[in-house]
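Subject: Model handover and findings

Hello,

Here is the model we talked about. Please open it alongside this email and follow the notes below.

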Amino acid sequence: MASTLHSFANAAELAANLADKVSGALSAAIAARGEASIAVSGGSTPKAFFQALSTRDIDWTKVTITLVDERFVPADNPRSNHLLVDGNLLQNKAKAARFVPLYQPAASVEEAAKLATAKSAEIGIPFDVVILGMGGDGHTASFFPGGNNLSVALDAQTPRGIITMDAEGAGEPRLTFTFSALQDAKLLILHIEGEGKKDVLAKAEGNGDEAEMPIRAILRRATSPVEIYWAP
Ligand SMILES: O=C1O[C@H](COP(=O)(O)O)[C@@H](O)[C@H](O)[C@H]1O
């Protein structure tokens, strides 16, 4: 499916525009079905966007928020994506939203993935909004180059849900939604910032294996159009 690049003068402008776009999509879903769902990324990029979105005038009591991926660490760990969402998105008006975490306090990451899959099954299918990020190595969600479960995660036949990922570049073991669960969001956004990430995107858009740059799976095979939001 085609992608469209939206470029902004700076990160603040991007955050405000993306917050408007996403709040419009969530409000439309609430008007149509009485509820809305959004899966967001972690990492260093989304903070300003989360803060902007948290102030938007939406009926947040009807919104379910989850993560596209998470580290297998509890929510008080500084590297937790849940912690980032708690401090920046689940604030202001968005405090009223329901949050479904991927981390579960289980004995193993595999057990946590099963529990998270069961809990997230209540969230509407497909997601109304998915916000993906991208690492400098071309990973998105926790689809890491060299990941032990990468081919399963990227296989369109793998059922929707959360699986585990171990990879050298990942730090901790990860929990990630599968490609099948993310690629058909009604609004599918790739949010990246900086000249370096633009170069990585250009490389990903060229020829090469998906396994080398897993973002290619989204750019090449997502059934929804990919809206790319970029600022220097
Ligand atoms: O590990 C992760 O990294 C990516 C990209 O993060 P960034 O710091 O380069 O913005 C992120 O999209 C993903 O959710 C996160 O777990």
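A definition before the strands: two of them pair if DSSP finds at least two bridges between them. Helices (H or I, at least four residues) and strands (E, at least two) are DSSP runs, numbered from the N terminus.

Two points on provenance. Residue numbers start from 1 along each chain, as its sequence is written. The model is predicted: local features need pLDDT of at least 70, side-chain atom pairs count only at pLDDT 80 or more, and totals for chains, interfaces and linings use all residues.

Confidence

pLDDT is the predictor's confidence in each residue, from 0 to 100. The protein chain averages 97, and 100% of the residues score at least 70. The model's ipTM is 0.97 and its pTM is 0.98.

The antiparallel sheet

β4, β8 and β7 form an open sheet of three strands, in the order β4-β8-β7, with antiparallel pairing. β4 and β7 are at the edges with a single partner strand each, so one side of each has no neighbour in the sheet. Neighbouring strands here are turned by 20° against each other on average, direction ignored. For such angles, axes are lines fitted to C-alpha atoms, for helices over the stretch in contact, and angles run from 0 to 180 degrees between N-to-C directions.

Strand β7 (residues 162-165) pairs with β8 over four bridges, in the antiparallel sense. Within that pairing, Thr 164 stands opposite Leu 175 in β8. Glu 70 has Leu 175 as its bridge partner in β8. For Asp 69, the bridge partner in β8 is Thr 176.

Helix α4 (residues 109-120) packs on this sheet and touches β7 and β8. Its direction makes about 155° with that of β7. Contact between two residues requires C-beta atoms, placed from the backbone, within 7 Å.

How enclosed is β8? Both faces of strand β8 (residues 174-177) are covered. Arg 174 and Thr 176 on one side, and Leu 175 and Phe 177 on the other, are all buried. A residue is buried if 20 or more other C-beta atoms lie within 10 Å of its own, exposed if 12 or fewer, and partly exposed in between; C-beta atoms are placed from the backbone.

The parallel sheet

Seven strands make up an open sheet with parallel pairing, in the order β1-β10-β9-β6-β2-β3-β5. β1 (3-7) and β5 (98-100) are the edge strands, and each pairs on one side only. Neighbouring strands of this sheet are turned by 20° against each other on average, direction ignored.

Thr 64 stands opposite Arg 98 in β5. Helix α3 (residues 81-88) packs on the sheet and touches β2 (36-40), β3 and β5. Its direction makes about 145° with that of β3.

Look at β9 next. Seven of the seven residues of strand β9 (residues 187-193) are buried, so β9 is largely enclosed by the rest of the structure. Leu 187, Ile 189, His 191 and Glu 193 cover one side, and Leu 188, Leu 190 and Ile 192 the other. Four bridges join strand β6 (residues 129-132) to β9 in parallel. Six join β9 to strand β10 (residues 226-231), also in parallel. Leu 190 of β9 stands opposite Leu 132 and opposite Ile 228 in β10.

Helix α2

In helix α2 (residues 47-54), the buried residues are Phe 49, Phe 50, Ala 52, Leu 53 and Ser 54. They pack against α1 (11-33), α3 and β9.

The ligand

Which residues surround the ligand? They are Ser 41, Gly 42, Gly 43, Ser 44, Thr 45, Val 68, Asp 69, Asn 81, Gly 133, Met 134, Gly 135 and Ser 142. Each has its C-beta atom, placed from the backbone, within 6 Å of the ligand. The shell divides into two nonpolar, nine polar and one charged. Ala, Val, Leu, Ile, Met, Phe, Trp, Tyr, Cys and Pro count as nonpolar, Asp, Glu, Lys and Arg as charged, and the others, Gly among them, as polar.

Phe 144

Phe 144 is in the loop between β6 and α5 (150-154). With 25 C-beta neighbours inside 10 Å, Phe 144 counts as buried. Phe 144 and Pro 214 are 70 residues apart in sequence, yet 6.6 Å apart in space, C-alpha to C-alpha. Leaving aside neighbours within four places in sequence, Phe 144 contacts His 139, Leu 150, Met 165, Ala 167, Gly 169, Ala 170 and Pro 214.

Best wishes
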